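Dear colleague,

I am passing on a structure for you to look at, and my notes on what was found in it follow below. Please keep the structure open beside you as you read.

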Amino acid sequence: MLKSTDHIASFAKGLRVITCFGAATPRLSIAEVAAATGYDRATARRCLLTLHAEGYASYDGKYFALTPQALRLGMSALNALPLPQLVQPWLDQLSEQIGQSCSVAILDETEIVYIARAAQRRVMSIGLMPGSRLPAHATSMGRVLLASLPEAEARALIARADLTPRTPKSLTDPDEIMDSVRAAHRNGYCLIDEEVETGLRAIAVPVLDGRGRTVAALNTGMAVTQAPAESLIETYLPALLKVQQNLKRIV
């Protein structure tokens, strides 16, 4: 158990302030950070000004934004993980074999975090790279990862997620999302059709360790064609499962 004397409260507050920034909130005022964290304005101000003084945030007199230097924090964590180095050669080979972009991601609360990617062509309007995040409930990899959790835990994460639809086909009912998560658990894969972005389909399988435990998810995504979405199962699932088996020997 952590002793109170070993906990640096100011450091913890600074970390929480950093997590306020994201794709939807790239620029924040002191008042907005205070509201997001629950800190008073004075505490939020000190944390933000410290980040600015250390080069981790820019400041225009009203709004703060993280600088590229802040990327070092996340990249240091990714570089310290052995999994990206283990999966990248297999991703590269798979991507060349099937002619589609392939990715591996892990679960972080209500989101997935990309840790490795091999891109053939850009099929999403947003560029994806290691460190990119997407909502777990709306993605093929996210549902595979949620399927590896006890059902109560998966349902709790979905309840906490922002279920705002990303496309007209997005599932927004928690029960329907859980049905899809259960199907991913039962089938050993998850297929989504234009739920995270219009014009994009994806299919994912779990990445398993030597004990059969899910440690990440592997997927491939492609543009929508006239063929039914289920055609991805026949076309791409065997290749994904083959990589899954090879990774199981080394992860």
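Two strands are said to pair if DSSP finds at least two bridges between them. Please bear in mind throughout that this is a predicted model.

With that in mind, strand E1 and strand E3, which covers residues 63-66, pair in the antiparallel sense over two bridges, and Leu28 has Phe64 in E3 as its bridge partner. These strands belong to an open sheet of three strands, arranged in the order E1-E3-E2 with antiparallel pairing. Because E1 (28-29) and E2 (57-59) stand at the edges and each has a single partner strand, one side of each is left without a neighbour in the sheet. Across E1, E2 and E3 lies helix H3, made of residues 41-53, which runs at about 105 degrees to E2.

Turning to the nonpolar cores, the largest one has 27 residues, of which Ile112, Tyr114, Leu134, Met141, Leu146, Ile158 and Val181 touch the most other members. Two or more residues each are given to this core by strands E5 (111-118), E7 (190-193) and E8 (200-208), and by helices H6 (140-147), H7 (151-160) and H8 (174-187). The largest share, five residues, comes from H6.

If we leave aside residues up to four places away in sequence, the contacts of Met141 include Ile112, Tyr114, Ala204 and Leu218. There is also a second, separate core of 24 residues, with Val207, Ala216, Leu232 and Tyr236 among them. As general background, nonpolar side chains tend to be buried together in soluble globular proteins.

With best wishes

Key
Residues are numbered from 1 along each chain as its sequence is written. This is a predicted model: local features need pLDDT of at least 70, side-chain atom pairs count only at pLDDT 80 or more; totals for chains, interfaces and linings use all residues. Side-chain values use heavy atoms; hydrogens and water are left out. Helices (H or I, at least four residues) and strands (E, at least two) are DSSP runs, numbered from the N terminus. Contact means heavy atoms within 4.5 Å. Axes are lines fitted to C-alpha atoms, for helices over the stretch in contact, and angles run from 0 to 180 degrees between N-to-C directions. A nonpolar core is a set of buried Ala, Val, Leu, Ile, Met, Phe, Trp, Tyr and Cys residues joined through side-chain atoms within 4.5 Å. Buried means under 20% relative accessible area, exposed over 50%, partly exposed in between (1.4 Å probe, protein chains only).
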